[in-house]
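Student: I'd like to get to know this protein a bit. Can we go through it together, one question at a time?

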Amino acid sequence: MNASGARCQSPKCPNGNSASRLECPTCHKLGITGSFFCSQECFKESNLIGILQKTHKIVHDLATPRQSLQDDPSIDNNGTFNPFPHFKFTGPLRPCYPLSPRRQLPDHIQRPDYAEGAVPISERKNAGMPPRVLSLEEQDKMRTVCRLAREVLDLAAAAVRPGITTDEIDKIVHEACIERDAYPSTLNYRHYPKSVCTSVNECVCHGIPDQRKLREGDIINIDVTLYKGGFHGDVNATYAVGRIDEESKRLIRTARQCLDEAIKICKPGTLVRDIGKTIEPIARASGCSVVRTYTGHGVNDLFHTAPTNIPHYAKNKAVGTLKAGTCLTIEPMVNLGGNWDEVHWPDNWTATTADGKRSAQFEETLLITETGVEVLTAGRPLEL
């Protein structure tokens, strides 16, 4: 109805007053039809004023053209985006969302207790207990799952090339686990969203696979853990993406050497604190530093268990000795330069070097035997 045929909507207006078109300046600019009242006084006295005041801004929002997502500086033209645009990153690496949906597994695959609720209840119950000595049958189960973990890691490594996304690597790992009737241990462990950890360049550990494409010159650590037959097998390694610079090669070689030399001293009676005493001098001699926040750990039917603290740096205060029949990981994270500290992204998982320099890591699951050590996840020698 146009203004000439309308009556004022205010109940206090004398009958017969003709309504005129009264609009707010924003409504007029946006082309929104205004309310019909004969004057501003009638409008203010109307019982509609409370409702209009509450809803009028919503009308403006609905009518205002919104900025295209493609114009958002945190969103790329292909629809991927950085979910933390205001976070102070330490290096050039950025998250590349959206993450793909959580991958599913067939019902017949055995699951650890945290697969649904995300809380490793059994680990909590066993906190403070001494390292578990495995029976011969249990040791064989550990050999099996660790062999499969190495197979899956090798499959993921074979896919590393410029242009592949870390999410595609996650898919490869996930499907390889299913083919082996195994559960990818990281999936939903304390709410971790993926089936593998992919840590690129300055990422120290726990990188979440996303839409970022690997680039020539990158380095990537792939951390695979399988759960099968009631036991976990844990292994990781760092790989070159195409051609890499000499500094990155030196870093990778150093990280591998740190692990290999530490494994050599493992046997019944070895002091846990001596593992770090062996590792750190090697890293320093190559101009590198050893991360202190993250350590090796016991592993068996529990993903992380006693000994829960196996430091990779010297002058640590770890207690205890290695015992025959126990399984553990050694997994030194080695940074270029002298800064061993790390910064965590807002995703609550990704840890990067504090100075943005690169980091490399290698990990094996070990069985302490009566005479020494057996590397359950052993693979081919490093080639660079």
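Student: What percentage of the residues of the protein chain count as buried?

Tutor: Keep in mind that this is a predicted model. A residue is called buried when its relative accessible area is under 20%. With that cut-off applied to the 384 residues of the protein chain, the share that counts as buried is 50%.

Student: How many helices and strands does the protein chain have?

Tutor: Both kinds of element turn up here. The protein chain has eight helices, and its strands number 17.

Student: Let's zoom in on helix 5. How far does it reach from its first C-alpha to its last?

Tutor: Helix 5 covers residues 136-158, which makes 23 residues. At 1.5 Å a residue you'd expect 33 Å. The model comes close to that, with a reach of 33 Å.

Student: Which strands are included in what covers the buried residues of helix 5?

Tutor: The buried residues of helix 5 include Met142, Val145, Leu148 and Val152. Their cover includes a helix, namely helix 6 (166-179). The strands included in it are strand 6, strand 7, strand 11 and strand 16.

Student: Now the open sheet of three strands: which are its edge strands?

Tutor: The order in this sheet is 5-14-13, with antiparallel pairing.

Technical notes: Residues are numbered from 1 along each chain as its sequence is written. This is a predicted model: local features need pLDDT of at least 70, side-chain atom pairs count only at pLDDT 80 or more; totals for chains, interfaces and linings use all residues. Side-chain values use heavy atoms; hydrogens and water are left out. Two strands pair if DSSP finds at least two bridges between them. Helices (H or I, at least four residues) and strands (E, at least two) are DSSP runs, numbered from the N terminus. The expected span of a helix is 1.5 Å times one less than its number of residues. Buried means under 20% relative accessible area, exposed over 50%, partly exposed in between (1.4 Å probe, protein chains only). Contact means heavy atoms within 4.5 Å.
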